[in-house]
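I opened this model to look up a few sites and note what I found. My entries follow the display.

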Amino acid sequence: MTEPKIRIANLYKIFGKTPAKVLPHVRDDAMGKDELLETHNHVLGVNDVSLDIRPRQIQVVMGLSGSGKSTLIRHINRLIEPTDGAITVDGEDVLAMNALQLRDLRRHRMSMVFQKFALLPHRTIRENVGYGLEVQGLGADEIVKRTRHWIERVGLAGYEDRYPGHLSGGMQQRVGLARGLATDADILLMDEAFSALDPLIRYDMQSILLELQNELHKTIVFITHDLDEALRLGDNIAILRDGAMVQTGDAQQIVLNPADDYIRDFIKDINRARVIRLGALARPLDAGRPPAEELPRLAAATVLEDALLTMSGAPDQTVLVARKDGTLAGTATLTQAIEALHG
Amino acid sequence: MWEFLTEFPSIGRRDLAEMKKAIDEAFKGFSRAYGEALESFFDPLLKFLVWFEKLLQATPWPIILLIVGALAWLGSRSWKITVGAVAAFVVIGIFDMWEDTMATLAIISVATLLCIVIGIPIGILMARSDRMQALITPVLDVMQTIPSFVYLIPVVMLLGIGKVPGLLAVLIYAIPPIVRLTNLGIRLVDPEVLEAADAFGASPRQKLFGVQVPLALPNIFAGVNQTIMMALSMVVIASMIGVKGLGVPVLRAISNQYLALGLMNGLAIVALAIIFDRISQSYGKRLQAYRGQGND
């Protein structure tokens, strides 16, 4: 197991006049969000969240509105100060940083993409993409060179001298993404970055992000309220409810083993055939019995939707499941697949 | 008993007279002690004002017309406004108000410049701290509502009659709008844009000059426009304490009932106001060109 890139430990955030005073109620007496609001007039934003975010992965944080997900992500670059808890980035304590160190962290090591784009309306696309570099204090030539690359990369070549107000939402968010990527920070915080976009454009943007991620391998923290988006993008998914972590795991784990009714409710409408992969079904081969070589071989990463036809045509309706490195993970049967799809 | 209710129980007439006298004496004392020092403090300002006025009056009129036209064009990029501005100056010249107009132009320009130099930093300060805003707002309220004659008294007592006290009077009256609108403009900047600047590690200085001030510029410009208008409306009052310009003939017209003289010079002030207003407004609008809407 690799060291986490970002580690959030027992994080609390309470909004109100005297958060420190009411903290013990939440921490020690397990007081919930509604009760805290009613009895103490404080809003519980984040409730005892611990999360290890591994490097070079997309960590999705999911929850309905008001679940504290946008509050949580703003703790990572300390746009919001926590009431209690610890945050480290590359093992460094973010909460111990002074203003200068914090600025340095935000300039060089993490950048952010916002739900409502938050572009600078008085600057051209080029100047917007170069904003982070300008803040870093780079020279004009260097900025032009680097921004050109990222503007092309997100497909906005030719729009360099337009203003954000002249672009559509999807294009504006491409600018936002390019601005986030241009600083070469290895952590990218994305706060509901695609939520304001139309479904089709959202799908496009997800594709762009996945394509870029394949190449750049950044550590991405992606906030969303959309389960399909979470399942599509997330290497790991954390689900928040009322500020508290309900479940964390990859898409398979969450779909196959939902932690409670809240999550069961969440995943009820998704297309399971597109989420569950063969690897999750594989039963180890009996030791000693050689694998039946005539069975078709499928990769463990194959989603059931793509595997069903092969499975139904295979002898005994059984297929061999192969790991990435070529070794066998085991076998999977059509019956298993149907059971998994039924939930 | 009844008398107590009908007559407000004021402090006695003699006490009151003594109090007023004491205040007057104290101020006179202050004026005697520091008047000269203050005057020499404002001396560079006076010299600049005189120099600028002389410069305007000594410049051949065709050059002034050219400069007016060029400024109008640069500010507004509109032929209509440019031609209108030049034509207004020609008419002013034809009716023999050129010299007074140049004097007025000089004091208005200097007053506006000072208002910008002093007002914008104060506005920024107000925008950055709620306490500052609570402190300065009532001062601005007083400056805008107190009758100008009231603050002319101490100003004249301190500095006598002349250009500098006139300029101060104009400043007091004209500076509030630019302070207010700078403050407002900065406070209206979208907090999400500011958060983005924060997230990229912008320093307070980078935020102020890279995000807040540029986005507040349209409002700041509305403030400059208002400041110019208010400065112009002080021209007549300033002429009462010895500022040369279009106000002087107006004052003469009032005391002698010269209708035509008053009207002509009054209209010249109006013409200046309209020219300044149109140029600065269209410049302000051009600053917001980026706000254009419409998707491709």
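Which backbone nitrogen does the side chain of A:His42 reach? I find that of A:Thr18, at 2.9 Å.

**Ground rules.** I am working with a predicted model, in which local features need pLDDT of at least 70, side-chain atom pairs count only at pLDDT 80 or more, and totals for chains, interfaces and linings use all residues. Residues are numbered from 1 along each chain as its sequence is written, chains are lettered from A and ligands numbered from 1 in the order in which they are written, and side-chain values use heavy atoms, with hydrogens and water left out.

**Entry 1, A:His42.** I located A:His42 in the loop between α2 (33–40) and β2 (43–53) of chain A. Helices here are DSSP runs of H or I with at least four residues, strands are runs of E with at least two, and both are numbered from the N terminus. A:His42 has a relative accessible area of 5%, so I log it as buried. Buried means under 20% relative accessible area, exposed over 50%, and partly exposed in between, with a 1.4 Å probe and protein chains only. Beyond four places in sequence, A:His42 is in contact (heavy atoms within 4.5 Å) with residues including A:Ile14, A:Phe15, A:Val22 and A:Leu36.

I found A:Asp325 in the loop between β12 (318–322) and β13 (328–333) of chain A. Its relative accessible area is 59%, so A:Asp325 is exposed. Its side chain makes a polar contact with the side chain of A:Thr327, at 2.8 Å. For a polar contact I need a pair of N or O atoms within 3.5 Å; within protein, one must be able to donate a hydrogen and the other to accept it, and residues adjacent in sequence count only if both atoms are side-chain atoms. I also checked A:Ala299: it is 26 residues from A:Asp325 in sequence and 9.9 Å away in space, C-alpha to C-alpha.

How many of the five residues of strand β3 (residues 58–62) are buried? I count five of five. A:Ile58, A:Val60 and A:Met62 point one way, while A:Gln59 and A:Val61 point the other way. Strands pair if DSSP finds at least two bridges between them. β3(A) pairs in the parallel sense with β8 (residues 219–224) of chain A over five bridges. There, A:Ile58 stands opposite A:Ile220. Four bridges join β3(A) to β9 (residues 236–241) of chain A, also running parallel. In β9(A), A:Ile237 is the bridge partner of A:Val60.

I see seven of the eight residues of helix α3 (residues 69–76) buried. Among them are A:Lys69, A:Arg74 and A:His75. Just after α3(A), A:Arg78 takes a positive phi of about 55°.

Of the 296 residues of chain B, 43% count as buried. The C-alpha atoms fill a box of roughly 80 × 55 × 45 Å along the principal axes. Where is B:Met264? I find it in helix α14 (residues 259–287) of chain B. B:Met264 has 30% relative accessibility, so it counts as partly exposed.
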